[in-house]
Amino acid sequence: MESGTAEKWGFRANEILNSASAVTVRGVLYTLLGNLNQDDPRPVIPLGHGDPSAFPCFRTTTVAVDAIVDALQSAKYNSYAPTVGILPARRAIADYLNRDLPFKLSPDDVYLTVGCTQAIEVVLTVLARPGANILLPRPGFPNYEARAQYDHLEARHFDLLPDKGWEVDLDGVEALADKNTVAMVIINPGNPCGNVYTYQHLQRIAETARKLGIMVIADEVYDHLTYGKTPFVPMGVFGSIVPVLTLGSISKRWIVPGWRLGWIVTNDPNGVLQNSGIVDSIKACLNISSDPPTFIQGALPQILEKTKEDFFSKTIEILREAADICYDKINEIPCITCPNKPEGSMFTMVKLNLSTLEGINSDMEFSLKLAKEESVIVLPGETVGLKNWLRITFAIEPSTLEEGLGRIKAFYERHAKKQ
């Protein structure tokens, strides 16, 4: 073969995919992990990624484990599942969500996905059309931006207001929207902010979306993981005001992110999503996608119906203790400030005061040096849309959390600007 013939090959990498992947949480954490000092004998403390299942104090209920075993041993769930999910699982999710809703969902309102990540992919793919735009929170969950970029769906960002408990800047939402806006995303309980929206604020969000003629995509993967003064209210409560697509999963509340079982639910008693073709498009998208494992679908009714309240209460108490530790210890570190004590999910956002530090000029630089010098991983805020902030997770063993925050304090003291 002659040299130089490779120039004639007709393929090359998808550059959009490469650039979209680089801004995800996983992509940034991979970079930080690559900067660790392999000679540091101390264990790495992961304050950047919300996966509590790695720690002994967070274990799923035996009800869930037994349900998986029963489903496997029954030999009923070894075949392909229907595109939308098996009926008993969809019925169980509808019943689970109906506990908090003023109207009744049916199994036909439920579509099973491979975790909440695939739910995001499906919904944004369904909404993508030439010229369309979607309104995303800043800070937010970067998978929305990555998927929007991949689908050629323009992302426009509205602010969450730290001085108002990370409420949505609804005036900003109205200013961003135009005739090509298709939806707005809210994440409640909040990732990355640890906030929980009140009933009144959610109602205002619904009324704003109705005024603009757009749907609300409600990411509720942390549903009911609240431990402050504000109870969790599902956005679906306002489905009669505005059509709502609820995204959820068993990953967080049952502490099984690796099981990859999520859902899309249409909260739409007025039938707007059906009449506009959105429902048919969701089904069409699922027809060319992967399904969650059938045996996990088969276990779902038992998991949702038989899990006792004391399991949830124990998880909430651990998170409440961890949130208290996190908030108190952060207040002892002069270079970071936490504007609001977290009330839900597993994260908090802290503002980085670079003027107190010598030789550190950005949140990414702070995170890279912290990983190298202290074997502590935190997520730079630019990943979630807020430059010179940090996202910290506290869903780890309380003693490990204290050690990690102690290492951050030592890091500050070593890099503090001399007075």
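Two strands pair if DSSP finds at least two bridges between them. Strands (E, at least two residues) and helices (H or I, at least four) are DSSP runs, numbered from the N terminus. Residues are numbered from 1 along each chain as its sequence is written. This is a predicted model, in which local features need pLDDT of at least 70, side-chain atom pairs count only at pLDDT 80 or more, and totals for chains, interfaces and linings use all residues; side-chain values use heavy atoms, with hydrogens and water left out.

**Stop 1: the four-strand sheet**

Select β10, β11, β14 and β13. These four strands form an open sheet in the order β10-β11-β14-β13, with antiparallel pairing. Look at the edges: β10 and β13 (379-380) each pair on one side only. Now show β11 and β14. Five bridges join β11 and β14 in the antiparallel sense. Click on Val350; Leu390 in β14 stands opposite Val350.

**Stop 2: helix α12**

Select residues 309-330. This is helix α12, with 22 residues. From first C-alpha to last, α12 reaches 31 Å, close to the 32 Å expected at 1.5 Å a residue. The expected span is 1.5 Å times one less than the number of residues.

Color the buried residues of α12 next. Buried means under 20% relative accessible area, exposed over 50%, and partly exposed in between (1.4 Å probe, protein chains only). Phe311, Phe312, Thr315, Ile316, Ile318, Leu319, Ala322, Ala323, Ile325, Cys326 and Ile330 are buried. What do the buried residues of α12 pack against? They pack against β10 (336-337), β11 (347-352), β14 (389-393) and α14. Contact means heavy atoms within 4.5 Å.

**Stop 3**

Two packed helices are described by the angle between their axes and the distance between the axes. Axes are lines fitted to C-alpha atoms, for helices over the stretch in contact, and angles run from 0 to 180 degrees between N-to-C directions. Angles under 35 degrees count as roughly parallel, over 145 as roughly antiparallel, 65 to 115 as roughly perpendicular and the rest as oblique.

Select α13 (residues 363-374) and α14 (residues 398-415). Their axes lie 11 Å apart, at an angle of about 110°. That makes α13 roughly perpendicular to α14. On the α13 side, show Phe366, Lys369, Leu370, Glu373 and Glu374. On the α14 side, show Arg407, Ile408, Ala410, Phe411, Arg414 and His415. This contact has five nonpolar, one polar and five charged residues. (Ala, Val, Leu, Ile, Met, Phe, Trp, Tyr, Cys and Pro count as nonpolar, Asp, Glu, Lys and Arg as charged, and the others, Gly among them, as polar.)

The angle between α2 and α13 is about 45°, and their axes are 9 Å apart. These two helices are therefore oblique to each other. Val28, Thr31 and Leu32 of α2 meet Met364, Ser367, Leu368 and Ala371 of α13. By class, the contact of α2 with α13 has five nonpolar, two polar and no charged residues.

Zoom in on Lys369, which lies in α13. Is Lys369 buried or partly exposed? Lys369 is partly exposed, with a relative accessible area of 26%. Setting aside neighbours within four places in sequence, Lys369 is in contact with Asn35, Gly359, Ile360, Glu374 and Phe411. Then draw a distance to Val182: the C-alpha atoms of Lys369 and Val182 are separated by 41 Å.

**Stop 4: the eight-strand sheet**

Move to the other open sheet. Eight strands run in the order β2-β9-β8-β7-β6-β3-β4-β5, with mixed pairing. Its edge strands, β2 (110-113) and β5 (167-168), each pair on one side only.

Select β8 (residues 244-249). Six of the six residues of β8 are buried, so β8 is largely enclosed by the rest of the structure. Val244, Thr246 and Gly248 point one way from β8, and Leu245, Leu247 and Ser249 the other way.

β7 and β8 run parallel, joined by four bridges. Asp219 has Leu247 in β8 as its bridge partner. Leu245 has Thr266 in β9 as its bridge partner.

Finish the sheet with β3 (residues 133-138) and β4 (residues 154-161). They pair in the parallel sense over six bridges. Pro137 stands opposite Phe158 in β4.

**Stop 5: helix α5**

Select residues 115-127, which form helix α5. Ten of its 13 residues are buried. Among them are Cys116, Ile120, Val123 and Leu127.
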